Each structure stands twice: as structure tokens, then as C-alpha cells.
Amino acid sequence: MQNIPSVDLRDFLSDDPKRKQKFVNEIGSAFENIGFVALKGHFLDDQLVNELYGEIRNFFALPIETKHKYEIPGIGGQRGYVSFGKEHAKGRKEGDLKEFWHFGQYVDKDSRWASEYPDNVEVTELPRFNAVGKDAYQKLEKTGVYVLRALALHLGLDEFYFDNYAKEGNSILRPIHYPPITSEPENAIRAAAHGDINLITLLMGAQGKGLQVQNHNGEWIDAIAEDDELVINVGDMLSRHTNNKLKSTIHQVVNPPRELWGTSRYSIPFFMHPVSDMRLDCLENCIDEENPKKYEDITAGEFLYERLVELGLIKK
């Protein structure tokens, strides 16, 4: 397979059982084989997408001392600004060539998760930044809930199995700026080869070359979406929970050809996490003689903490 398959969420949302099952089969097969799909029919409209890109361009264009105001110590980079080169892929020392922002979950004050989640950070210089970010966060989260419902059916679970884990989950919307490259990087690339931590990732901004996915033969495939598509992939939590039936695929963002070094790249992944007490123990119906249990029992919160330490965002 030399490209990622495309699916349409409107099939799943239709009243036609055949179309709904077609979507379940297509996304299930894609996630068992390459772990990535391009998705049409999501809940983001063009106006919101354009407004979000405008706001994040304006934020990353602010003076560096202004951006540093929003880099909050002591929370492992889970909200606000994370500056250039702070994060690195698991097993690498070189910081990735990127800076980013984190919007996190929106919960009521009386939610059981209110004390666990840091507050979102308000950018005073850009009056629309936070409202637009919240709107995009909630539209992507809604899209992700329906994708997880389809995957639950594919796995032989109740359709709404993931709903209570995803509701008020520790999800993150991360607008990323890969700045122009001004000199030959020694070892760093825009984002080194890695797997995502979470259940699923919904990515805006895969319209140009840069994102690459590794297939089962170890070959790198360009993952390029149409203008109206999100790219969605399986994260390590979901792969672990399904005993690797659904594949968390290694991917990377490579540096552009030299003639494009002077250009910025923006991409906006939504990392869909469950609540921290979700158990990621391998599902019984994903274990058999040919596929014995591959992973130790663990909660989502314990797994996230382990990975944030490995990424350099939390210092032990």
C-alpha cells in the first residue's frame, strides 16, 4: 500500500445500516493494516479551520518574550506554550524543530477531573484565540467520539464502549509551528520518528508533503490529505488496549527540500486521550492462541506519565 486509505464519516452517521457497516469495515481494516486513514465528513467547517489557522499564525508571530510569558512551569507542558526544541522523540536527545501550544479539556468546576486538569491559558494579546481554539477542540472531540464508536463495533464491543472514557478525557489540541530552517540541522528533523501516546490522533494540516508513515515493510509513505480531510491514526494506548490488533504506526515530519527551508509549516493534531483511570489492559476478545497477551496491565494515567518522562516534558 503506497498511500493511506480515505473514509467518509457521513457513511457512519447515515441512517443506512449498510453504509454504517461499510465505514466500520473500512476504518477497521485500515487501522489493522497501516494504522492511518484520511477522513472526510468531520464536524469542522471551512470558516472555523481558516479562523483557527489565522489565530495560531498570529500567536506564533508574537515576540518571543511575549510567548515565553505563556510557558507555564511545573505542568509538563500540558497547557500553554512550549518553546522551540523542548520536546524530543522517545530515545532521541535532539529536540524537534518546532514550537507549539496546548489547549486542554474543558470541564465544569464540580467535575471530578477539575482538580487534575490544569486551567487553559488565556492569551490576552489575541481576543479571539481562546474562543476559536475551544470551538475547534470540541468539534474535533465530537468527531473522535464517532470514530471510536465505529472502532468499538469493529472490535465486537458495545458501540458506546469508549464514550464514558472519552467524555472529559485528558485530550490535547496542539497547534504546532515548524519555523523556517535557517541553517543545516545536525541531526534534528521537524518531528523525529515516533508513535503517539493516546487513543487516536486527529490531524489538521497534512495537506502538504512532510508527514510520513512507516508501512509494515519499513518503507516511508507520504501521508497527504485532501483539503477537506483530517488524517486520523491509532495511538499507543488503543494499540495496547487491543493487544496490537489496531496498529499504532511510527510516523515523522521530515524537513522540506532546501528550496522550501524559508517557509513555515503549521499543523494541528488533536490527541484524544481517555480519563486517567481507564484501564488499558488487553481486551479479552483481542487475545487468542495466535495472539497471546503482549502487554502488562496499566491505567491510561500511569502510561501517560511514563511517556511524558521519556519525551523530556516531565523531569523525574
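Is Asp277 buried, exposed or partly exposed? Asp277 is partly exposed, with a relative accessible area of 40%. The points below concern a predicted model.

1. Asp277 and its partner. Arg112 and Asp277 form a salt bridge, with their closest N and O atoms 2.9 Å apart. Arg112 sits in the loop between β4 (99-102) and α5, while Asp277 sits in the loop between β13 (265-272) and α8 (300-311), so this pair ties together parts that are 165 residues apart in sequence. Arg112 has a relative accessible area of 58% and counts as exposed, because the cut-off for exposed is over 50%.

2. Length and ends of helix α2. This helix covers residues 17-33. The N-terminal end is capped by Asp16, which places a side-chain oxygen 2.9 Å from the backbone nitrogen of Lys18. After α2 comes Gly35, with a positive phi near 80 degrees.

3. The buried side of α2. Which residues of α2 are buried? They are Phe23, Val24, Ile27, Gly28, Ala30 and Phe31. Their arc around the axis is only 165 degrees, which puts them on the same side of α2. Among the elements that cover them are β1 (6-8), α1 (9-13), β2 (36-40), α5 (129-154) and β11 (230-234).

4. Lys22 and Glu26 form a salt bridge, the closest N and O atoms being 3.2 Å apart. The two residues are four apart in the helix, which means that about one helical turn separates them. Lys22 is partly exposed at 39% relative accessibility, and Glu26 is partly exposed at 28%.

5. Strand β11. Five of the five residues of β11 are buried. Leu230, Ile232 and Val234 point one way, whereas Val231 and Asn233 point the other way. β11 pairs with β2 in the antiparallel sense over four bridges, and Leu39 stands opposite Leu230. Strand β8 (residues 200-204) also runs antiparallel to β11, joined by four bridges; here Leu202 has Ile232 as its bridge partner.

6. Lys40 and Glu229 form a salt bridge, with the closest N and O atoms 3.3 Å apart. Lys40 belongs to strand β2 and Glu229 to the loop between β10 (220-222) and β11, so the pair ties together parts that are 189 residues apart in sequence. Lys40 is partly exposed at 21% relative accessibility, but Glu229 is buried at 6%.

Technical notes:
Residues are numbered from 1 along each chain as its sequence is written. This is a predicted model: local features need pLDDT of at least 70, side-chain atom pairs count only at pLDDT 80 or more; totals for chains, interfaces and linings use all residues. Side-chain values use heavy atoms; hydrogens and water are left out. The expected span of a helix is 1.5 Å times one less than its number of residues. Buried means under 20% relative accessible area, exposed over 50%, partly exposed in between (1.4 Å probe, protein chains only). The arc is that of the directions from the helix axis to the C-beta atoms. Contact means heavy atoms within 4.5 Å. A polar contact is a pair of N or O atoms within 3.5 Å; within protein, one must be able to donate a hydrogen and the other to accept it, and residues adjacent in sequence count only if both atoms are side-chain atoms. Two strands pair if DSSP finds at least two bridges between them. A salt bridge is a side-chain nitrogen of Lys or Arg within 4 Å of a carboxyl oxygen of Asp or Glu.
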